[in-house]
Amino acid sequence: MGNVTVIGAQWGDEGKGKIVDWLASRADVVVRFQGGHNAGHTLVVGDAVYKLSLLPSGIVRGTPSVIGNGVVLDPWALKAEVDRIVAQGVSVTPEVLRIAETCALILPIHRDLDALREDASGAGKIGTTRRGIGPAYEDKVGRRAIRVCDLAHLDQLDPMLDRLCAHHDALRAGFNEPPVDRQRLKNDLAEIADFVLQFARPVWRDLDEASRAGKRILFEGAQGVLLDVDHGTYPFVTSSNTVAGTTGSGSGMGPGAAGFVLGIVKAYTTRVGSGPFPTELEDETGQRLGERGHEFGTVTGRKRRCGWFDAVLVRQAAAVSGITGIALTKIDVLDGFDRIKICTGYRIGDTTYDYFPAHAADQARVEPVYEEIDGWEGTTAGARSWADLPAQAIKYVRRIEELIRCPVALVSTSPQRDDTILVKDPFSN
């Protein structure tokens with residue numbers, strides 16, 4: 001029995017939270033390995049709805065959950081999230097939640113810089129969540145980050161603040177902002193330190209022991225492959241690598257840790273924020289998809305842009321991330337459509353493409369080439385076996401498999417935990 005890595009294979013918001021929660025019943029440990037609290041994972045369990053950003057989705061089941069070193073951690077956002085789900089009856093203790101002591105911290109100055117840059121960018125806005133994720137990753141790579149382990153040594157913080165503030169004070173001056181209030185920052189860190197440190201551990205060692213003991217490890221990605229800083233629609237991307245290969249570096253495990261790579265894919269396509277979107281529908285059909293799919297960002301509340309399924313982008317995401325199988329979500333949103341379109345290629349002038357061009361100017365010019373199929377009568381909502389699906393819905397799933405060159409392992413038919421059709425158990429690889 002092996003490990004499983006769950007990643008989004010589109011622009012995020014594919015329904016990873018439900019799938020990870022569903023798989024967590026089969027896992028011994030759940031690990032977040034990249035991103036920050038810009039992630040938004042919604043879990044629906046009966047009448048209860050849990051909205052998570054930093055906490056691994058396994059936490060709701062009580063599965064031991066790890067925030068790996070590849071995550072950038074906002075300690076105040078963490079506390080607010082923990083307080084919120086504890087109030088919902090979820091137990092969050094150091095036995096259940098463990099945080100890598102080498103996680104870089106997101107500080108108030110990172111949130112400030114994120115907002116200042118976006119406000120000054122005009123038409124060049126990237127559409128960040130303004131939560132400081134990008135600036136925090138910049139400081140990590142620039143070797144001036146404050147990390148979780150530094151919270152235990154606040155008396156030795158001044159040399160680190162010298163390096164950090166030398167960078168941020170210059171940037172803030174360019175926006176006519178005052179220098180960093182160092183004493184306030186130190187006070188803020190002192191107030192939050194004990195809360196974070198209770199969870200801090202050398203989690204690489206815990207994961208190594210779990211692996212040697214033959215335990216099942218479930219890795220949970222944030223955002224989606226098309227937002228990867230290298231492989232996504234740059235510059236309209238996140239600031240980390242979202243592909244499955246990041247599991248090793250973002251958790252402290254080796255490159256073979258990923259195991260079965262499960263790509264989560266909506267039966268149509270959505271995107272939040274700026275950037276290219278070849279199959280976007282700015283008409284009644286797009287509005288219908290958005291309304292039926294309740295397409296609003298878990299973190300930001302922003303309305304998602306909606307369009308037809310783009311097989312070219314998903315095929316590309318599957319290739320660059322080594323996806324073993326996909327979990328197809330929200331197929332029930334397509335119930336009742338007379339005709340359904342699938343993008344099978346692109347055209348720029350007289351040139352056709354079977355991949356998404358790298359340059360932003362070309363990405364903005366592509367026109368989708370569509371294949372149309374009949375919709376289906378009846379409903380897929382709540383289906384838990386192939387026998388419950390209309391024949392035409394099965395035909396749609398099979399056509400997606402052909403076009404993306406990747407088999408379907410799971411089909412999700414509602415937000416409810418158990419409304420899932422299991423085709424192949426990812427843990428049985």
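Student: What makes D310 a cap of the N-terminal end of α10?

Tutor: In this predicted model, a side-chain oxygen of D310 lies 3.1 Å from the backbone nitrogen of V312. A polar contact requires N or O atoms within 3.5 Å, and therefore the pair at 3.1 Å qualifies.

Student: Why is helix α10 described as largely enclosed by the rest of the structure?

Tutor: Helix α10 spans residues 311–321, and eight of its 11 residues are buried, so the description applies. Buried means under 20% relative accessible area. The buried residues of α10 are A311, V312, L313, V314, R315, A317, A318 and S321.

Student: What covers the buried residues of α10?

Tutor: The cover includes the strands β1 (4–8), β11 (260–266), β14 (309–310) and β16 (339–348), together with helix α12 (391–404). After α10 comes G322, with a positive phi near 65 degrees.

Student: Why is R143 called exposed?

Tutor: The cut-off for exposed is over 50%. R143 has 69% relative accessibility, so it counts as exposed. R143 belongs to the loop between α4 (133–141) and α5 (158–174).

Student: What is the phi of R143?

Tutor: Its phi is positive, about 60 degrees, although R143 is not a glycine. Most residues other than glycine have a negative phi.

Student: How do you know that the peptide bond joining Y234 and P235 is cis or trans?

Tutor: Omega is about 5 degrees, and the bond is cis. P235 is found in the loop between β10 (217–220) and α8 (246–251).

Student: Which residues have the most contacts inside the largest nonpolar core?

Tutor: They are L73 and Y396, in a core of 103 residues. Neighbours within four places in sequence aside, the contacts of L73 include L54, I67, C103 and V196. Another core, of 17 residues, lies apart from it, with W22, V30, L262 and F427 among its members.

Student: How do the lining residues of the second largest pocket divide?

Tutor: The lining comprises four nonpolar, 12 polar and nine charged residues. The volume of this second largest pocket is about 590 Å³. Of its 25 lining residues, the closest to the centre are T42, G293, R304, K330 and P415.

Technical notes: Residues are numbered from 1 along each chain as its sequence is written. This is a predicted model: local features need pLDDT of at least 70, side-chain atom pairs count only at pLDDT 80 or more; totals for chains, interfaces and linings use all residues. Side-chain values use heavy atoms; hydrogens and water are left out. On a 1 Å grid over the protein atoms alone, a cavity is a set of points where a 1.4 Å probe fits but cannot get out, and a pocket is an open set with protein on both sides within 12 Å along at least five of seven lines; lining residues have an atom within 4 Å of a point. Grid points are joined across faces, edges and corners, and a volume is the space filled by probe spheres set on the points. Ala, Val, Leu, Ile, Met, Phe, Trp, Tyr, Cys and Pro count as nonpolar, Asp, Glu, Lys and Arg as charged, and the others, Gly among them, as polar. Buried means under 20% relative accessible area, exposed over 50%, partly exposed in between (1.4 Å probe, protein chains only). Helices (H or I, at least four residues) and strands (E, at least two) are DSSP runs, numbered from the N terminus. Contact means heavy atoms within 4.5 Å. A polar contact is a pair of N or O atoms within 3.5 Å; within protein, one must be able to donate a hydrogen and the other to accept it, and residues adjacent in sequence count only if both atoms are side-chain atoms. A nonpolar core is a set of buried Ala, Val, Leu, Ile, Met, Phe, Trp, Tyr and Cys residues joined through side-chain atoms within 4.5 Å.
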